[in-house]
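The coordinates go in first, then my notes.

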Amino acid sequence: MKKVLIICYYWPPAGGPGVQRWLKFVKYLRDFDIEPVVYVPENPHYPIEDSSLEKEIPNGIEIIKTPIFEPYGFAKLFSKESTRQISSGIIKPEGKQSFLQKLMLFVRGNLFIPDARKWWVKPSIKFLASYLDKNPVDIIITTGPPHSLHLIGLALKVQKDLSWLADFRDPWTTIGYQKKLKLTDWATKKNANLEFEVLNKADHILVTSPTTQSDFEKTTSTPISCITNGFDDEIVPETSLDTAFTLAHIGSLLEDRNPEILWEVLQELVTELPHFSKDLKIELTGRVGASVVDSIKEKGLETNLSLPGYVNHTEALQKQHSAQLLLLIEIDSQETEAIIPGKLFEYLASRRPILAIGPKHSDIASILKKSESGIYFNYQQKQGLKKHIKFNYELFKNTGISSTSGNVDAYSRKNLTRDLARLIHSI
């Protein structure tokens, strides 16, 4: 068996999408003759926790931990709520930011490069260099964000002459929130230089979307592979379809992903269709930005809104299986064309129809089309969106909305891990 050292920040009891990718890879790697060793922080600052994911860790997996210093603990002394929001990626619009929030964003963007976990880099290099002397591995894998972890891989590759695979779950310099960090020209250049060095010194780059692969290929000749996120074949407690016409979004729906076009359409349908208001339920499970809630209230849809808050993984799966339509919302910007939310793949597994809204050119659209699992609209297609929701509401009132039946096997975690194993064995 090949032995791999996987360096990651998000690991159970972390909740949210960041933990899923490598937790699931680790779950299946042994099936393909690869023994994983996982290196994670001992005392991380996780904005969301979900202890139910700990049961997913395979028995006997070696997990190494060392302490990490994070400034978020210090920042909480000034504003616990602002610290939680920024560390979760919740950044208010410029006009709604307090002076303290603006200052915190400036400090985060210009002093913590590439991110606030940078102080774990040097201690980790020292610790792992010693560990690897006694416990050799065949390949090092780093996964970001936080992208500071790639700097650990960069140093260990040089020191130990080991093969290194750098996994980008999201882009680095083009990630959506980067422009909101009030970066100076110096900080922007520093991030770009670090990204360039990682892309060009790794032995192989792994990405989660074809668009990211295409963008990186303009910067480096390093081989790049795309392995998307996926879904696990999980046993979901028996769940019935909601009796309401439920449009459900499971996962964070933050300030910039406020689909006002959708709320406008629903407001119009409430006016035009008898009983629509009585039947409609907008269920937003997870962290929801204040501007999203305000927009829904402004459209007179407050009585249709349900906000369960964050739920554990099992409950999230149940909500996906019970919804009439599953909402997938992405920011309307060029930077998000490469983003394929992890929730998309769990949505696929639920086989409930997906209604996606995002930028004009998105990798999401091709996945929905290939898997026959839903339909994609951009923010300029209001009438098409309205027609689609009205059509599904009529189905709901008459025959019911059927589950999807397309082929989604290519996105199962086990099949994706098989692809990853082939890549590891080839490096």
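I take contact to mean heavy atoms within 4.5 Å. The model is predicted, and I read it as such.

**Entry 1: Asn392**

I started with a single residue. Asn392 sits in helix α15. Is Asn392 buried or exposed? I looked up its relative accessibility, which is 5%, so Asn392 counts as buried. The cut-off for buried is under 20%. Next I asked which residues Asn392 is in contact with, leaving aside neighbours within four places in sequence. I found Phe245, Leu325 and Ile401.

**Entry 2: α9 and α15**

I stayed with α15 and turned to a helix that packs on it. Helix α9 covers residues 260-272, and helix α15 covers residues 382-397. I noted an angle of about 50 degrees and axes 10 Å apart. The two helices are therefore oblique to each other. I logged the crossing of α9 and α15 as right-handed. From α9, the contact uses Ile261, Leu262, Glu264, Val265, Leu266, Glu268, Leu269 and Glu272. From α15, I listed Lys382, Leu385, Lys386, Ile389 and Lys390. Sorted by class, this contact of α9 with α15 has seven nonpolar and six charged residues, with no polar ones.

**Entry 3: α6 and α7**

I then looked up a second pair. Helix α6 runs over residues 149-160 and helix α7 over residues 185-201. Their packing angle is about 50 degrees, and their axes lie 10 Å apart. Which hand does the crossing of α6 and α7 have? I noted it as left-handed. On the α6 side I found His150, Leu151, Leu154 and Lys157. They meet Leu194, Glu197, Val198 and Lys201 of α7. By class, I recorded four nonpolar, one polar and three charged residues in the contact of α6 with α7.

**Entry 4: α5**

Last, I checked the length of helix α5, residues 121-134. At 1.5 Å a residue, its 14 residues should span 20 Å. The end C-alpha atoms of α5 are 20 Å apart, which agrees. I then asked which residues of α5 are buried. I listed Val121, Ser124, Ile125, Leu128, Ala129, Tyr131 and Leu132. What covers these buried residues of α5? I found that the cover includes the strands β1 (2-7), β2 (34-41), β3 (62-66) and β4 (139-144). Helix α6 is also part of that cover.

Notes:
Residues are numbered from 1 along each chain as its sequence is written. This is a predicted model: local features need pLDDT of at least 70, side-chain atom pairs count only at pLDDT 80 or more; totals for chains, interfaces and linings use all residues. Side-chain values use heavy atoms; hydrogens and water are left out. Axes are lines fitted to C-alpha atoms, for helices over the stretch in contact, and angles run from 0 to 180 degrees between N-to-C directions. Helices (H or I, at least four residues) and strands (E, at least two) are DSSP runs, numbered from the N terminus. A crossing is left-handed if the near helix is turned anticlockwise from the far one by less than a right angle, and right-handed if clockwise. Ala, Val, Leu, Ile, Met, Phe, Trp, Tyr, Cys and Pro count as nonpolar, Asp, Glu, Lys and Arg as charged, and the others, Gly among them, as polar. The expected span of a helix is 1.5 Å times one less than its number of residues. Buried means under 20% relative accessible area, exposed over 50%, partly exposed in between (1.4 Å probe, protein chains only). Angles under 35 degrees count as roughly parallel, over 145 as roughly antiparallel, 65 to 115 as roughly perpendicular and the rest as oblique.
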